[in-house]
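This report covers the ligand site, the domain layout and a few backbone features of the structure shown below.

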Amino acid sequence: MGFRATVLTLYPEMFPGHLGVSLAGRALERGDASLEPVNIRDYATGKHRNVDDTPAGGGAGMVLRSDVLARAIDAVSPEGDTRPRLLMSPRGRPLTQARVRALADGPGAMIVCGRFEGVDQRVIEARNLEEVSIGDYVLSGGEPAALILLDAVIRVLPGVMGNAESGSHESFETGLLEHPHYTRPQLFEDREIPAVLTSGNHKAVEEWREAESLKLTRARRPDLLAQRKITDIG
Ligand code: SAH
């Protein structure tokens, strides 16, 4: 059936966005994945169809209403839907390649995109929303974050990446950053391709790549190495 994503948003026109082209575009076309944006405003009531209101306790901005959002969630993800319910949120657990893989192994996801100051806490609790962050910075809305999460998930679905090998060595898959890449021309502005890569010695190439990978990770992301040691032990 493929990976089924339903996205609750105030801006459905932002989808499929970049997912409409290239690898993801073809995956959506083939039906390896499906993406249905649903407008939260369709579940608002009253003359003005308000989806937000002022924050209790005062302060700047607006907050997405729990009643409207709950109605939208219940409509697109009724009881029995086994898909995880995600809320894109800077307060969430940071997205990792491991979580991406786990999502890709599942039936899909229902994803809520926040706007304004965020969503009423009660709907997060009442509908068991898993908050997911794409990094320690603040976006103006959850839509780009949802597109990024779906991009990462769709590219690891079976059959989506052209070359099945491509992916296994990539950054984070091994707990390390990936080694550098080179291609023709052999000489670029006085810079040669490292000789080992054109030596034809596969074992030497593999060892060079591993060493570069470790070196880069140690220099740029020592936190990944520390994590890897913990996982190795545990
Ligand atoms: N007041 C909130 C930020 C709201 S930003 C706070 O300080 O935590 C508006 C919406 O953008 C959020 O509800 C969320 O859906 C989305 N968003 C912003 N930054 C994000 C991030 N790093 N990861 C995932 N979603 C994010």
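By class, the residues in the shell around the ligand are nine nonpolar, eight polar and three charged. The model is a predicted one. In total, 20 residues surround the ligand. The closest of them are M88, G114, E117, G135 and Y137.

Which elements give two or more residues to this shell? They are β5, spanning 85-94, and β7, spanning 130-133. Of the elements, β5 gives the most, with four residues.

| Residue | Protein atom | Ligand atom | Distance |
|---|---|---|---|
| S89 | backbone N or O | nitrogen | 3.2 Å |
| G114 | polar backbone atom | oxygen | 2.9 Å |
| G141 | polar backbone atom | oxygen | 3.5 Å |

Taken alone, the ligand exposes 550 Å², and the protein buries 84% of that area. The space that the ligand takes up is the second largest pocket.

On the scale of the whole protein, the domain assignment gives domain 1, covering 3-154, and domain 2, covering 169-233. The centres of domain 1 and domain 2, taken over C-alpha atoms, are 35 Å apart.

The remaining points concern the backbone. Most residues other than glycine have a negative phi, and most peptide bonds are trans. Where does the model have a cis peptide bond with omega of about 0°? This bond joins F15 and P16. P16 is placed in the loop between β1 (3-9) and α1 (22-30). Another cis peptide bond joins R184 and P185, with omega of about 5°. P185 is found in the loop between α5 (143-155) and β8 (187-188).

A positive phi in a residue other than glycine is found at R49, where the value is near 50°. R49 lies in the loop between β2 (33-39) and β3 (52-53).

Conventions: Residues numbered from 1 in each chain as written. Predicted model: local features only at pLDDT ≥ 70, side-chain atom pairs only at ≥ 80, totals over all residues. Heavy atoms only, no water. Near = heavy atom within 4 Å. Polar contact = N/O pair within 3.5 Å; in protein donor to acceptor, adjacent residues only side chain to side chain. Areas by Shrake-Rupley, 256 points an atom, 1.4 Å probe, with all protein chains shown as cover. 1 Å grid on protein atoms, 1.4 Å probe; cavity = no way out; pocket = protein on both sides within 12 Å on 5 of 7 lines; lining within 4 Å. Sits in = over half its atoms within 2 Å of the grid points. Nonpolar A, V, L, I, M, F, W, Y, C, P; charged D, E, K, R; others polar. Domains from an automatic or database assignment.
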